[in-house]
Each structure stands twice: as C-alpha cells, then as structure tokens.
Amino acid sequence: AAQIITTLVGNPADGLRARDTPLWRPSAVAADAEGYVYIADDGSGAVRVIDPLTSMADIIAGGRLPQWQSLALRGPWGLAVDRARTVYVLDARQHRVYRLGKNLAPVPVAGNGSFGFSGDGGPAVRAQLSLPQGIALDAAGNLYIADSDNHAVRKVEAATGRITTIAGGPRATATGEGIPAREAKLHYPWGITEDPAGNILFADTHAHVVRRIEAATGLLHTVAGNGERGSGGDGGPATAASLELPTGVAFTPNGDLFIGQTGRVRKVAAATGVITTVVGSGTLRLLEGDGRAGAEVALLGRVGHLALNSSNALLFTLPDDNIVARLDLKTGLFGVVAGNPRWVGDGSLSVTTVLARPRKLALDQAGNLYIADSAHNRVLRVAPRGREVGEGSITTAAGIGIAVASGDTALAVHASISS
C-alpha cells in the first residue's frame, strides 16, 4: 500500500521578507552599488540576496538551486562583489572560491578542493587552500584570500588567474613591525579588505590584531591591537588597545576603519587613530536595541564579516544570533537587516515554523511534542490539538536563540543554550 507522509513541524523558507527570513549562522555579508545586500548563510548552505526595493530575500547560490545540485555549497563563509555586480563566494569547507557566472552557475576561481598549501605561481584553480575564512577584491579586480589554516594571505591576479602568497604561510617565522609581509608569521587571518589608499588590511584573528600590507613596499604594519585579548583601550590609540578575536574589517571612503570582534564592533578614526566601541558596550538585547543607539546594545556572541552599503551604513553578521545587523553611520542607530534572533513563530501553527537542524524529539504524557531545534539554540513545544500532535500551535520551551550558556536559576525561556 502506498505510504503518505505529512509535515507536522517545519517549513523551508525562501522568498520571504528579509526580516522574516530565518538565517542559520550567517557568516558574511556584502553589498553592491545598487543597494543589493548579499548574505552567506552558512547553516543553510546558501547565499541570499536582499532586493532594496522589495526587501525580499532570495537564494542565488547553493540551497536547492539546480545549478548547485552537483556541487553542494558546504561552507559559505566569505563574499565579495565587484563593480560589475559579479558575486564571489568562498566555500571554506571545500577550500574553494567560486564566481557566480551566467545563470548564477558556479565558476571555480581559486582552490582545487583539497586541503593543503601549494600552487604559488600557477593557476589559482589548481592551488590548495586550507579553510579560508575571507575574501576581498581590489579596484583592479584582483582577489585576496585569507587562507586561514595556512596562516597566509593569497592573491589571485585578475589578468592571469595566477596565485601568489603575499603574507605569511606555513613556514613563515619572522615577527615584528615593518618586516616583509611574505616573511611574517600570522595567526589565522580572517576578514580582509582594501583601504582607500590601495593597501590590504586583514584581521590576524588569533594574534588579536589588525594588520596592513603596504601596497608600495609589501611591508607589514599593525594598525589596531596590542596583541592582548580583550576589549580595553577605548579612547586611546588603536595600537595600544586590546582586541578579542577580531574577524571582520571594513573601511569608509574617508578611511575610518571598523573592526568586528567578539561581542563588539569598534571604530578606528582615520583622523586621529583613536579607537572606540560603536556597538556592543550596552545592556539592551538585540530586539530591544532595534532602532536604538549602537552603543546601548549588548552583543553576546561573535561578530562576523563587515561591509559598507551604498547608504553609508555598516552591515555586519552576528552568527551566534542568526541575524545580519546594521549601524547607521550618520545617526549611530542599530537595526536588524535580516533574520530574527527569536525566530518569531511562538503561537503560530507548527507547519509555519522554520526549524534548523532538529535533532531530538520527545513526547510527554499530555501529548506535547518537544523538539531540539539545535541550530536555533532552543527547545520547542508543539501543543496537541484533537488527536494529531503536530496540528497545534508551537511555543519556545527553553532558549532565547543565542549560542551561549547562561541563565541558571532564571526561567527557561529567558536562558540561553548552545546547540
């Protein structure tokens, strides 16, 4: 006899408004001159784009797109967009960089898919990369890769497609200021960008500093961080401040530098070199802080990659909170661009709720169904209606959607849990 399957809980989401679209560990964000915003949604293995006119979010890479069925996007951790609005996608877990070509089909640009360090001087598509975390393009279209597990920064020339290492590498041992970048020992470079003068900056994450490769000389200098892990030093020189695992970096046209680190977004003023915290030093939770000053908002988890959009707003990912946020650089106000840190769905029918990697199920004596919604860091309860357990409404039984262990002695729905 034919078997019939019925969906009780869960609803895959695409084509929703950005604020209603559930994101699962968004790792990177980019924007183009037309106002489109691109999001690397790691947990769903997809890249989404937000239309500036409709605010709708659609998948343009990975996911269920037929162009990607033979080549799953397993770790979209980096994005870049050139002046022609061509999108580049970094797949860290496959050690590759792709360009979205005709009909959004993936075109390999760098990496041969195997883990390792090789290929300098040859075609980038034959080279080995190791868990790269960030990519950037310069004004000439050259591609830069934070080859993180190789502790290196690599460059792919636009004209030839050849790859070279311009900083660090597995065998680099030199330390100090003003040394050749190629000889310098790096500690897991992550976010990378070009400054207005054409120099390349990157977050040297495990060294807790941000470094600059001088375009004219190839020498390496520290521009922020004293090498100590922390969040101190606001109001003083950026090089005397402590950073905690810096990840994302971005510039404004006037040269102000923004740095994403654990729990904070910080700014280094171009005119003075002074560092301040612009998001993360407050006490308001994300939903409470929407529309409030960035300095009043508390960030409990990591800050991922950063990008500047066409409206002079700073975009940044909050992977542990499953949202993409913005800071208006004119007003200093914080806002949510995409995703929802609480996955609004409480009180709705279970079939309208989006799940992320549900792992465990349990039933109690009253017929309530409990679901471990692991990637959303929460436990859901589906109340029975009639005889069908899955027909009822859904509520959060534990967790606030943040991957941090906290809240002991508090109500379960006010606590944070991790996976």
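Colleague: Is Trp-68 buried or exposed?

Modeller: This is a predicted model, and every value I give is computed from it. A residue counts as buried when its relative accessible area is under 20%. Trp-68 has a relative accessibility of 2%, which is below that cut-off, so Trp-68 counts as buried.

Colleague: Which kind of aromatic pair do the rings of Trp-68 and Tyr-98 form?

Modeller: The structure holds three aromatic pairs, and in this one the ring centres of Trp-68 and Tyr-98 lie 5.6 Å apart. Planes that are over 60 degrees apart count as edge-to-face. The planes of Trp-68 and Tyr-98 stand at 80°, so the pair is edge-to-face.

Colleague: How many residues apart are Trp-68 and Tyr-98, and where does each lie?

Modeller: Trp-68 belongs to the loop between β5 (56–62) and β6 (76–81), while Tyr-98 sits in strand β8 (residues 96–100). Tyr-98 is also buried, with a relative accessible area of 0%.

Colleague: What kind of pair do Tyr-188 and Trp-190 form?

Modeller: Both Tyr-188 and Trp-190 are buried, and their rings are 6.1 Å apart from centre to centre. Their planes make an angle of 55°, which falls between the limits of 30 degrees for stacked and 60 for edge-to-face. The aromatic pair of Tyr-188 and Trp-190 is accordingly described as tilted.

Colleague: Which strands stand at the edges of the open sheet of five strands?

Modeller: The strands of this sheet follow the order β14-β18-β17-β16-β15, with antiparallel pairing. The two end strands each have a single partner strand, so one side of each is left without a neighbour in the sheet. Those edge strands are β14 (179–180) and β15 (189–194).

Colleague: Which residue of β17 stands opposite Ala-203?

Modeller: Within that sheet, strand β16 (residues 200–204) and strand β17 (residues 209–213) pair in the antiparallel sense over five bridges. The loop between β16 and β17 contains His-208, which has a positive phi of about 60° although it is not a glycine. Across the two strands, Ala-203 faces the β17 residue Val-210.

Colleague: In the open sheet of four strands, what is the average twist from one strand to the next?

Modeller: The order here is β10-β11-β12-β13, again with antiparallel pairing. The edge strands, which pair on one side only, are β10 (134–137) and β13 (163–168). From one strand to the next, the twist averages 25°.

Colleague: How many residues of strand β20 are buried?

Modeller: Leu-257, Ile-259 and Gln-261 point one way from β20, whereas Phe-258 and Gly-260 point the other way, and all are buried. Strand β20 (residues 257–261) is therefore largely enclosed by the rest of the structure. The number of its residues that are buried is five of the five.

Colleague: Which residue takes a positive phi in the hairpin of β20 and β21?

Modeller: Strand β20 pairs on one hand with β19, in the antiparallel sense over three bridges, and on the other with strand β21 (residues 264–268), to which five antiparallel bridges join β20. The hairpin of β19 and β20 has five residues between the strands, with Gly-255 in the turn at a positive phi of about 100°. In the hairpin of β20 and β21 there are two residues between the strands, and the residue with a positive phi, near 75°, is Gly-263.

Colleague: How many residues line the largest pocket, and how many of them are nonpolar?

Modeller: About 1,100 Å³ of space lies in the largest pocket, and Ala-31, Val-81, Leu-137, Thr-193 and Leu-308 are the lining residues that lie nearest its centre. At least two lining residues come from each of β2 (26–31), β6, β10, β15, β19 (249–251) and β23 (306–308). The lining holds 36 residues, of which nine are polar, seven are charged and 20 are nonpolar.

Colleague: Which residues lie closest to the centre of the second largest pocket?

Modeller: The second largest pocket holds about 350 Å³ of space. Its lining divides into seven nonpolar, five polar and four charged residues. Of the 16 residues that line this pocket, the closest to its centre are Val-37, Ile-50, Pro-52, Ser-55 and Val-337.

Technical notes: Residues are numbered from 1 along each chain as its sequence is written. This is a predicted model: local features need pLDDT of at least 70, side-chain atom pairs count only at pLDDT 80 or more; totals for chains, interfaces and linings use all residues. Side-chain values use heavy atoms; hydrogens and water are left out. Two strands pair if DSSP finds at least two bridges between them. Axes are lines fitted to C-alpha atoms, for helices over the stretch in contact, and angles run from 0 to 180 degrees between N-to-C directions. Rings of Phe, Tyr and Trp (its six-membered ring) pair if their centres lie within 6.5 Å; planes under 30 degrees apart count as stacked, over 60 as edge-to-face and the rest as tilted. Buried means under 20% relative accessible area, exposed over 50%, partly exposed in between (1.4 Å probe, protein chains only). On a 1 Å grid over the protein atoms alone, a cavity is a set of points where a 1.4 Å probe fits but cannot get out, and a pocket is an open set with protein on both sides within 12 Å along at least five of seven lines; lining residues have an atom within 4 Å of a point. Grid points are joined across faces, edges and corners, and a volume is the space filled by probe spheres set on the points. Ala, Val, Leu, Ile, Met, Phe, Trp, Tyr, Cys and Pro count as nonpolar, Asp, Glu, Lys and Arg as charged, and the others, Gly among them, as polar.
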